Amino acid sequence: MILVIDIGATKTLIATMDENLDQPQIAEHRHFATPKTPREFLNEFERQYSTMKKEGVKIAVFGIPALVKDGGIIGYFPNLPEWKNETGVAFNPAKELAATVLDGMSVYVLNDADLGAYGEAAGLNFPETLLYIAPGTGVGVGVVTHGLISVHSEAGRMMVEAGGKLVEWEKIASGTAIQRDYGKIANDIKDEATWRMIAARIALGLGALIPAFNPDFVVFGGGVSTNFDKFGSFLPELLAKRMSPLVDIPPILKAREPSWAVVYGGFYYAKFLAGKE
């Protein structure tokens, strides 16, 4: 069995899946609001995980909202500012739990958007390049090339021009920004005009990323992307106005199940690690 822990800045998902299946199928899952401090997280994780069946779980894959290289967390958690120790070193939940409730398992930690990208690439039979965008508390970005996570991206934090000012892309295109500026969470926004404005914000960053990576597909996951049908149709037109005509706009898709994209990515990545893919 595979255990995947998708830690978002807002919520955490824990799920188990059978590695012998070709497609991800949730055997059991739990979810809870992500605590604001490491100790609260460890306590809540242990409480939730204690109610799940653990027989046969041999590998655990963490997707976390921070930059990860070679299994180590680089810098900090942008949207979980208290996830660090007294010296400022980033809290590593995988390392902490590997020594306690996950003792005996093979434990891996990756960026959540990287896992989301890997899962969607696997679902599309690994095109040459796939670009994954996940607007949520922030904006996660993942790139998979030739079946490998090729870039440890922090593109959600790139600077774009909006209203005559330079701002971080996720400060205007994330679910947090949508709620701040439009007074509603994304799921409660119904009118087309508002979604077109949101799509324009998304296109600001996407118009830079598509020429940079020349992807075969762009796939949207994450919480805001459960509303893809409300904004996705605006993107080709908006991008055509922002990009050179020499750059093709690739198919822009919704993840199979945006809220589960990271969990599904963990399933496929665990199979890759086990040599079963």
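Q: Leaving aside its neighbours within four places in sequence, which residues is Arg-30 in contact with?
A: Good place to start! Keep in mind that this is a predicted model. To read contacts, look for residues whose heavy atoms come within 4.5 Å. Once the neighbours within four places in sequence are left aside, Arg-30 is in contact with Thr-12, Leu-13, Ile-14, Gln-48, Thr-51 and Met-52.

Q: Where is the place of Arg-30?
A: You will find Arg-30 in strand β3, which covers residues 26–33.

Q: What does the side chain of Arg-30 make a polar contact with?
A: Its partner is the side chain of Glu-28, at 3.0 Å.

Q: Which strand holds Lys-11, and what is Lys-11 in contact with?
A: Lys-11 belongs to strand β2, residues 11–17. Beyond its neighbours within four places in sequence, Lys-11 touches Asp-6, Phe-32, Ala-33, Thr-34 and Ser-259.

Q: How many Å separate the C-alpha atoms of Lys-11 and Asp-22?
A: They are separated by 27 Å, and the two residues are eleven residues apart along the chain.

Q: In what sense do strand β11 and strand β12 pair?
A: Strand β11 (residues 159–162) and strand β12 (residues 165–168) pair in the antiparallel sense, over four bridges. In this pairing, Val-160 stands opposite Val-167 in β12.

Q: What do β11 and β12 form, with two residues between them?
A: A hairpin, and in its turn Gly-163 has a positive phi of about 60°.

Terms used:
Residues numbered from 1 in each chain as written. Predicted model: local features only at pLDDT ≥ 70, side-chain atom pairs only at ≥ 80, totals over all residues. Heavy atoms only, no water. Polar contact = N/O pair within 3.5 Å; in protein donor to acceptor, adjacent residues only side chain to side chain. Pairing = 2+ DSSP bridges.
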